[in-house]
Amino acid sequence: MEKDDIQSLLLKIGRRIVQEKGTEALTVRKLSEASGCSVGAIYNQFSNMENFIVIENYMTLDALGKKLAAVPQTQNPYFDMNNLLNTFVDFVIRNKNLWYMLYHFHLRKEGHAYSFFYLRKVAVITRRLSHLIWRIVPNMERPERILSTQVLWLTLFGLSSFLTKDILDSFSKINRQTLCQILLNTYIAGLTVLEKKE
């Protein structure tokens, strides 16, 4: 079997382990048992499990990017923004273990720079948000729009960790989709109000 084929097989099996059993189940030994590859062969392919997880996270971001790119555009940017949000929330909930792994990768990277490839994949997602903000608030200067996009993305990303767990249910029965919609629409309303004041 070619090196690329072995890597693809290991990544596919690794994703299945995470999806079915959670991130804690993804260890080199569990991956070895499930794939039939030796521990040494796995390290030979990826050097370490952190590299393996990075590639898995790339795949998760690519999958999200494709989902968001498939969301049709209409003449109503508010509708489009909410449609985009609903697609994001649905993706996170359907892939909660993979998303949880991606989210916690960010926590572990404290003090370390993200790779260009990783940031480029995030940019694919935020670019669509930025375009919609421009359609909603067309007179906003580009630096402000970039900042507003970053604030919105980081807020939704932070909230997304709660979407993967049942912790919200302990103090609120509010629907997760509704919670995110309220946050999004309140933020967008604030941007439009600020534009009118200027």
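Reader: Which helix is Thr87 found in?

Author: Helices (H or I, at least four residues) and strands (E, at least two) are DSSP runs, numbered from the N terminus. Thr87 is found in helix α5. The model is predicted, so local features need pLDDT of at least 70 and side-chain atom pairs pLDDT 80 or more, while totals for chains, interfaces and linings use all residues. Residues are numbered from 1 along each chain as its sequence is written, and side-chain values use heavy atoms, without hydrogens and water.

Reader: Is Thr87 buried or exposed?

Author: Buried means under 20% relative accessible area, exposed over 50%, and partly exposed in between (1.4 Å probe, protein chains only). Thr87 has a relative accessible area of 17%, so Thr87 is buried. Of the 198 residues of the protein, 43% count as buried.

Reader: Which residues is Thr87 in contact with, leaving aside neighbours within four places in sequence?

Author: Contact means heavy atoms within 4.5 Å. With those neighbours left aside, Thr87 is in contact with Lys67, Leu68 and Val71.

Reader: Leu68 also lines the largest cavity. How is a cavity told from a pocket?

Author: Lining residues have an atom within 4 Å of a point. Grid points are joined across faces, edges and corners, and a volume is the space filled by probe spheres set on the points. Here the search finds one cavity of 30 Å³ or more, and the largest cavity has a volume of about 80 Å³.

Reader: Which helix gives the most to the lining of the largest cavity?

Author: That is α5, with four residues. By class, the lining has 10 nonpolar, no polar and no charged residues. Ala, Val, Leu, Ile, Met, Phe, Trp, Tyr, Cys and Pro count as nonpolar, Asp, Glu, Lys and Arg as charged, and the others, Gly among them, as polar.

Reader: What volume does the largest pocket have?

Author: The largest pocket has a volume of about 450 Å³. Of the 19 residues that line this pocket, the closest to its centre are Val122, Ala123, Thr126, Gln150 and Trp153. α8 gives the most to the lining, with eight residues. The lining of the largest pocket divides into 11 nonpolar, five polar and three charged residues.

Terms used:
1 Å grid on protein atoms, 1.4 Å probe; cavity = no way out; pocket = protein on both sides within 12 Å on 5 of 7 lines; lining within 4 Å.
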